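Subject: Structure for you to look at

Dear colleague,

Here is the structure we spoke about. My notes on it follow below.

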Amino acid sequence: MSGPVILIVEDEEPARRALADYLGRRGYAVLEAATAHEATRQWDAHRADLVLLDLGLPDLDGVEVIRRIRREATTPIIILSGRGDERDKIAGLEAGADDYLTKPFATDELNARIRAVLRRAGGPDADAQGCLRLGPIELDTVRREVHVAGELVRLTPREYELLKVMLSSQGRVLTKARLLRAVWGLAYTDESTYLHVYVNRLRRKLSAAVPAAALDGLIETEPGIGYRIADHDSLLEPIV
Ligand code: CA
């Protein structure tokens with residue numbers, strides 16, 4: 001078998017073919033499905049290392065496919081979604097998808113996302129000393145301390161938790177509801193203003209130690225959806 005196996009779930013044949021050709025040329029082994037039922041059948045028969053999933057399928061909502069896969073596996077799932085389908089994207093991310101791409105997307109963007117989620121799937125996030133790192137940020141989960149470019153940054157417990165959740169999700173998109181649940185609890189799922197205030201405060205504190213540009217792109221706002229966390233390895237190696 002060649003490289004990682006990618007299951008492409010897309011009902012539009014030209015789009016599916018183009019994806020399959022492109023990924024095949026990049027060394028991936030490709031499985032294809034045009035419906036949710038076919039996707040489930042392929043998943044049951046072969047599994048896959050990654051799933052690219054169009055949410056608008058003719059038989060079932062693609063979100064059902066995510067739920068089905070998530071009952072059994074943490075396999076990375078990237079949603080392929082139309083412009084303006086914010087609700088669908090959020091539902092997909094909430095059901096456990098890792099990331100999304102809005103159609104039409106550039107193939108180098110797709111390739112970068114695939115590499116990021118596959119890397120994340122490859123190993124634990126914190127290193128042997130319990131440190132999470134992203135660019136100049138270093139979060140020590142044992143001492144509960146955060147350093148930026150070697151300088152200690154004082155965070156409140158909530159700010160620390162928020163940063164920890166974010167740094168544990170490198171290469172992923174986190175919905176607002178998911179962050180609110182993780183840091184504040186179930187009762188706060190709708191309090192996006194909270195989150196906005198805390199993220200801004202966090203960004204301000206983190207950038208006190210380094211030029212703001214050094215933090216660019218680490219925690220990006222995804223309008224209407226949440227935040228995209230950069231992936232540590234993609235900061236070190238240029239995307240090819
Ligand atoms: Ca479709």
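Which residues are exposed on the other side of α8? They are Thr193 and Arg204. Please keep in mind throughout that this is a predicted model.

Helix α8

The buried residues of this helix are Leu195, Tyr198, Val199, Leu202 and Leu206. Viewed down the axis of α8, these buried residues fall within an arc of 100°, so they line one face of the helix. An α-helix has 3.6 residues a turn, so residues three or four places apart point the same way. The partners that the buried residues of α8 pack against are β7 (137-140), β8 (145-148), α6 (157-167), α7 (176-183) and β12 (226-229). The length of the helix also agrees with expectation: at 1.5 Å a residue, the 15 residues of α8 (residues 192-206) should span 21 Å, and the end C-alpha atoms are 21 Å apart.

Domains and cores

The domain assignment of the protein chain gives domain 1 (5-121) and domain 2 (131-229). Their C-alpha centres lie 27 Å apart. Across the boundary, 14 residues of domain 1 are in contact with 13 residues of domain 2.

The largest nonpolar core has 30 residues, and those with the most contacts inside it are Ile137, Leu162, Leu163 and Met166. At least two residues of this core come from each of β6 (131-134), β7, β8, α6, α7, α8 and β12. Methionine 166 is in contact with Leu174, Leu179, Val199, Ile219, Tyr227 and Ile229, leaving aside its neighbours within four places in sequence. Apart from this core lies another, of 27 residues, among them Trp43, Leu55, Val63 and Ala97.

Helix α2

After α2 comes arginine 47, whose phi is positive, near 55°.

The calcium site

Which residues coordinate the calcium ion? Asp11 (OD), Asp54 (OD) and Gly56 (O) do, at 2.2 to 2.4 Å. Along the chain, the donors follow the spacing D-x42-D-x1-G. Aspartate 11 lies in the loop between β1 (5-9) and α1 (13-25), and aspartate 54 in strand β3 (residues 50-54), so the pair ties together parts that are 43 residues apart in sequence. Aspartate 11 counts as partly exposed, at 28% relative accessibility, whereas aspartate 54 is buried, with a relative accessible area of 6%.

Serine 81 lies in strand β4 (residues 77-81). At 2% relative accessibility, serine 81 counts as buried. Not counting residues up to four places away in sequence, serine 81 touches Lys89, Leu101, Thr102 and Lys103. Lysine 103 is also one partner in a cis peptide bond, the other being proline 104, with omega about -5°. Proline 104 lies in the loop between β5 (99-102) and α5 (107-122).

Positive phi in two loops

Arginine 144 is not a glycine, yet has a positive phi of about 55°. The residue is found in the loop between β7 and β8. Arginine 144 is partly exposed, with a relative accessible area of 44%.

Is alanine 149 buried or exposed? At 51% relative accessibility, alanine 149 counts as exposed, the cut-off for that being over 50%. Alanine 149 sits in the loop between β8 and β9 (151-153). Phi of alanine 149 is near 50°, a positive value in a residue other than glycine.

Regards

Note on methods
Residues numbered from 1 in each chain as written. Predicted model: local features only at pLDDT ≥ 70, side-chain atom pairs only at ≥ 80, totals over all residues. Heavy atoms only, no water. Helix = DSSP H or I, 4+ residues; strand = E, 2+ residues; numbered from the N terminus. Expected span 1.5 Å × (residues − 1). Buried < 20%, exposed > 50% of the residue type's maximum accessible area, 1.4 Å probe, protein only. Arc of directions from axis to C-beta. Contact = heavy atoms within 4.5 Å. Donors = N, O, S within 2.8 Å, 3.2 Å for Na, K, Ca; no water. Core = buried A, V, L, I, M, F, W, Y, C linked by side-chain atoms within 4.5 Å. Domains from an automatic or database assignment.
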